[in-house]
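Keep the sequence at hand.

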Amino acid sequence: MNHQRKTGVRRWLKGFMLKRMHRMITCKEFEDFVLSYLDGELTNRQRSVFEWHLRICRECRDYLAAYQRVAELGRAVLPSPNEPVPEDVPEDLIKAILDARER
Amino acid sequence: MPEKPPEHEDALSETPLHGSPVEAERLVRDNIGWMLALAQRMLGDRALAEDVVQDAFIAAFRGLPTFEGRSSVKTWLHRITVNASLMKLRKLKRLGEQSIDEYVPEFDRYDCRIETPWSTFARAEDILENERLRALVSEKVATLPDAYRIVLHLRDIEGYDTGEVAELLDISTSNVKVRLHRARAALKKLLEPVLRGEVR
């Protein structure tokens, strides 16, 4: 109970600080900038605010690291254009395409 | 970032296309293999991919007279195949925006993120080298609704930029970004047990 109360106070304090202090954003606001940050689309000022939040927020640091790893995994497992092209192209498909062209 | 479809090496890209029967057959034989592979990547089904490629070539033959050679033949056919695949997905009603809200990040009432501390963080290479884990990751990616998976696919794999994906899907660029971000956020949640080393 005491631990829960301490955690509650800590989170309230963190939320209060992030909402009120100069050049701070909340975790919810941070979320809106994740993609633009990774795509390098933030202005210098936005990037510095984003990175400042990263420095002080353990949860968002962990989240971003996992998010980046997942993006990497997704790219690795989605079927890639670099995989060899199948050679078993059915002749009847080629014929159907050429016949359709004649029509 | 992945590469765009390479500027084509073949002679067709250098010469105007007149659409003679011989040229048409050459166009089909030279390109059908990679077009089938592309459609199969987008639809996840060989029979549907064959339908799509047939539609794509019909569209290409119709468009031949207006093809101005501003891009390579391969780039032109790539876009036609992507469009035909998207049309098929729409016909099958697989592109409707389904909710994946259950996977979006959570915040408390103070707008602070709720994130269990990470004690272990599996390396991507270790996951990908393990056959079972790699299959699990593929399986989770495949569970994403097509409206989200296709955005991941077009942007991260086929090399289209956000503006081009928006144009292809006929949605706004901000909607593309929202879908891409949600797809990754959902995948993060789906793959957490793997990333935390709880599944081996």
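This is a predicted model: local features need pLDDT of at least 70, side-chain atom pairs count only at pLDDT 80 or more; totals for chains, interfaces and linings use all residues.

Residues are numbered from 1 along each chain as its sequence is written, and chains are lettered from A and ligands numbered from 1 in the order in which they are written.

Begin with chain B, which has 8 helices and 0 strands. Helices (H or I, at least four residues) and strands (E, at least two) are DSSP runs, numbered from the N terminus. Of the 200 residues in chain B, 37% are buried. A residue counts as buried if 20 or more other C-beta atoms lie within 10 Å of its own, as exposed if 12 or fewer do, and as partly exposed in between, with C-beta atoms placed from the backbone.

Chain B is assigned domain 1 (11-91) and domain 2 (101-195); such bounds come from an automatic or database domain assignment. The C-alpha centres of these two domains of chain B are 29 Å apart. Their contact takes 6 residues from domain 1 of chain B and 5 residues from domain 2 of chain B. Two residues are in contact if their C-beta atoms, placed from the backbone, lie within 7 Å. On the domain 1 side, helix 3 of chain B gives the most, with 4 residues.

Next comes the largest nonpolar core, with 63 residues. A nonpolar core is a set of buried Ala, Val, Leu, Ile, Met, Phe, Trp, Tyr and Cys residues joined through C-beta atoms within 7 Å. The members that touch the most others are B:Met35, B:Ala39, B:Val53, B:Ala56, B:Val151 and B:Ala183. Helix 1 (residues 21-43) of chain B gives the most to this core, with 11 residues. Domain 1 and domain 2 of chain B each supply at least three residues to this core. Leaving aside residues up to four places away in sequence, B:Val151 touches B:Val165, B:Val176, B:Arg179, B:Leu180 and B:Ala183. In soluble globular proteins, nonpolar side chains tend to be buried together.

How many residues of chain B are in contact with chain A? There are 47, and they meet 41 residues of chain A. Helix 1 of chain B gives the most to the chain B side, with 10 residues. That side has 28 nonpolar, 5 polar and 14 charged residues. Here Ala, Val, Leu, Ile, Met, Phe, Trp, Tyr, Cys and Pro count as nonpolar, Asp, Glu, Lys and Arg as charged, and the others, Gly among them, as polar.
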